[in-house]
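The following report considers how the parts of this model meet, first within a chain and then between chains.

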There are 2 protein chains.
Amino acid sequence: MKAWEKNVRTVVPYVPGEQPNQIGMIKLNTNENPYPPAPGVQEAIKSLDDKKMRLYPDPTADLLVSELADFYHLDKDQIFVGVGSDDVLAMCFLTFFNSERPIFFPDITYSFYDVWADVFRIPYECQPLDENFRIVKEDYYRANGGVIFPNPNAPTGIAQDLSDIEDILQHNQDVVVIVDEAYIDFGGHSALELIDRYENLLVVQTFSKSRSLAGMRIGYAFGNKQLIKYLNDVKYSFNSYTMNYPSLVIGRAALADRAYFEETRNKIIATRERVKKELAGLGFTFGDSMANFLFITHEKVAARELFEALKIKKIYVRYFNKPRIDNYLRVTIGTDEEMDALLAFFRDYLKKKA
Amino acid sequence: MKAWEKNVRTVVPYVPGEQPNQIGMIKLNTNENPYPPAPGVQEAIKSLDDKKMRLYPDPTADLLVSELADFYHLDKDQIFVGVGSDDVLAMCFLTFFNSERPIFFPDITYSFYDVWADVFRIPYECQPLDENFRIVKEDYYRANGGVIFPNPNAPTGIAQDLSDIEDILQHNQDVVVIVDEAYIDFGGHSALELIDRYENLLVVQTFSKSRSLAGMRIGYAFGNKQLIKYLNDVKYSFNSYTMNYPSLVIGRAALADRAYFEETRNKIIATRERVKKELAGLGFTFGDSMANFLFITHEKVAARELFEALKIKKIYVRYFNKPRIDNYLRVTIGTDEEMDALLAFFRDYLKKKA
């Protein structure tokens, strides 16, 4: 090691899911939306003015924040925006998790939480999900430095009842509690309604899934205005202008079309429920996912084997080589045609194995 | 203070320069480029495909990184990209400045350095510029936790000779040295040629000034590949997908047009040199700025007074109410017409005062 390397913050870097780009592939591995963003996005692209790009964007991101305020019936000072919900969550870890005590999150959960804890040197303790992959709320009653969990959880898709979340909040009023709702629009019950009663509650959502804008990197958080101010203070001390001009204009356009949003999420939900039945018939088991993906395991064939066999057919799903979940596949809900191709593959493959 | 607030990272937030948006205003306050981005940017906007926005962008930002590699004759693994040079610099502070010893930077400099040091709890020590606002290189010989300075410096515009920078590097081989070259394309001599000889040197640049893309938030850094890997490891542990799809496509298009880049930066340099002569004739003094702004003071009239008088006429410049520089104005180089309006105002105002 060279002398200059001794002050380097070394980390085990997060490895993002692979982003294959092949003709004819079926991409069900990173929980993207199979439908394009709202038609208004095309208009928004056309409206982008190259001459405005020489100027700094509005640091308050007002165009986007005010549209979010309208959509969710909130005040603008209850909303924070960032470069995807990963940026929002990273800012949250940096802002709120500064206790000597460990933060708590589930053992099976979004694989970025321990990465953020490591990079910011935050102590953490994982609380095991029960055998049905449900959060055991009592595990979160002990003293801690903060709580974070996704609802629905990833990669399980399991949604927690709002009463459980409120129970966790009641037992954790002296730390910040973050509910990561990346997948909430596909069937869970948002904790948004609790932010007026719990000033230590932050609810994080994203444009990457239900708004079909993963490529734009837009995430946001709701909370009481003091919490949002703390978050903005740190954000302004990190990068004053995080949201570029196209993300403000395009994000706003995607949000404005409520009918399209309802239509596409309902299509995804309908596809998911149909696929659940078909998969059950093929011998797969899984929790009752409320997200835009299923977390499946087969009674006879190993997940890893299926993962590799699918890949050969250019069908990409996600496999995690981690304790407790190494016999599962996370499968994004695509279009009906894509899911039919997946089901046809399974039918054929399992028949050959029988 | 509520119990949950005790673990909050509280900071004195950075206050970005005001972004007025008035009809007929002359905006010379945030060092934006007065010319639009390269004509290819219009084509790039038209090429944006809403259907691609549902997918995550390439986490390696290869479209942009490979174009930067071509432009600067570097390998791709010598280049890091981020959401403006502020994001790049924030990542650098987080990655490289983890010593118990203070980092060193000038007392008069980019006003974000002490903000990043505060937010990441990094000790720092400011080294005073001399009476001509030049860096005293000997001040950087003592043991420290890292060195950062802009070249040309902001808000003074003064460029440091490359031999001085190399001297600082020779005396600081056991820490990371960052040269922040946001304004380098307007006349300074880049330290890029030193990265092969000094593996602890990081050179940071931006699309916000010479590429007319402040609204797109694109910054980048050059360094030896191990340094870049450390930076990417932390970045991937913070947010895997920082650069959105439009920024990749539009950034690449802006970079591709070398002729336009040369033409506009030469226009700005020519305007700057003309304005220097005119301002000198009006009794202003200033260092020999190599940036796209001038840092001026008047022998008879207080900077604050001029700042307020200009504002009434919707001419916006930057005033810093800080020790040593509270009688200066930072004036961005705009178009010739904008600068003529500024000069006409000064001529008129100073005549009335005489």
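Within this predicted model, the count between domain 1 of chain A and domain 2 of chain A is 10 residue pairs in polar contact, both residues of each pair being at pLDDT 80 or more.

Between them the two domains of chain A bury about 2,100 Å², of which 62% lies on carbon and sulfur atoms. On the side of domain 1 of chain A, the residues that lose the most area to domain 2 of chain A are A:Phe261, A:Met290 and A:Arg324, which together make up 31% of what that side buries.

How many salt bridges does the rule find across the interface of domain 1 of chain A and domain 2 of chain A? There are two salt bridges across this interface of chain A. A salt bridge also joins the side chains of A:Asp107 and A:Arg324, with a distance of 2.8 Å from N to O.

The contact between the chains takes 85 residues from chain A and 85 residues from chain B. Chain A and chain B bury about 7,200 Å² between them, with 59% of that area on carbon and sulfur atoms. Across the interface of chain A and chain B the rule finds two salt bridges, and a salt bridge is formed by the side chains of A:Lys2 and B:Glu199, at 2.7 Å from N to O. Polar contact between chain A and chain B amounts to 43 residue pairs, both residues being at pLDDT 80 or more.

Several helices of chain A, including α1 (40-47), α4 (113-119), α6 (225-236) and α7 (245-256), each supply at least two residues of the side of chain A that touches chain B. The element that gives the most to that side is α3(A), with seven residues. The residues of the side of chain A that touches chain B divide into 45 nonpolar, 24 polar and 16 charged.

Chain A is superposed on chain B by a rotation of 180° with 0.0 Å of shift along its axis, at an RMSD of 0.0 Å. That is the relation of a two-fold axis. The same surface serves both copies, given that 100% of the contact residues of chain A recur in chain B.

Some features of the backbone deserve a separate note.

| Peptide bond | Form | Omega |
|---|---|---|
| B:Asn151 to B:Pro152 | cis | near -5° |
| B:Ala154 to B:Pro155 | cis | near 0° |

B:Pro152 lies in the loop between β5 (147-150) and α5 (162-170) of chain B, and B:Pro155 likewise lies in the loop between β5 and α5 of chain B. In chain A, A:Lys314 has a positive phi of about 60° although it is not a glycine, and A:Lys314 is found in the loop between α9 (303-312) and β11 (315-316) of chain A.

Conventions
Residues are numbered from 1 along each chain as its sequence is written. Chains are lettered from A and ligands numbered from 1 in the order in which they are written. This is a predicted model: local features need pLDDT of at least 70, side-chain atom pairs count only at pLDDT 80 or more; totals for chains, interfaces and linings use all residues. Side-chain values use heavy atoms; hydrogens and water are left out. Buried area is the accessible area (1.4 Å probe) that two parts lose on being put together, summed over both. A salt bridge is a side-chain nitrogen of Lys or Arg within 4 Å of a carboxyl oxygen of Asp or Glu. A polar contact is a pair of N or O atoms within 3.5 Å; within protein, one must be able to donate a hydrogen and the other to accept it, and residues adjacent in sequence count only if both atoms are side-chain atoms. Contact means heavy atoms within 4.5 Å. Helices (H or I, at least four residues) and strands (E, at least two) are DSSP runs, numbered from the N terminus. Ala, Val, Leu, Ile, Met, Phe, Trp, Tyr, Cys and Pro count as nonpolar, Asp, Glu, Lys and Arg as charged, and the others, Gly among them, as polar. Copies are superposed by least squares on the C-alpha atoms of residues with pLDDT of at least 70 in both.
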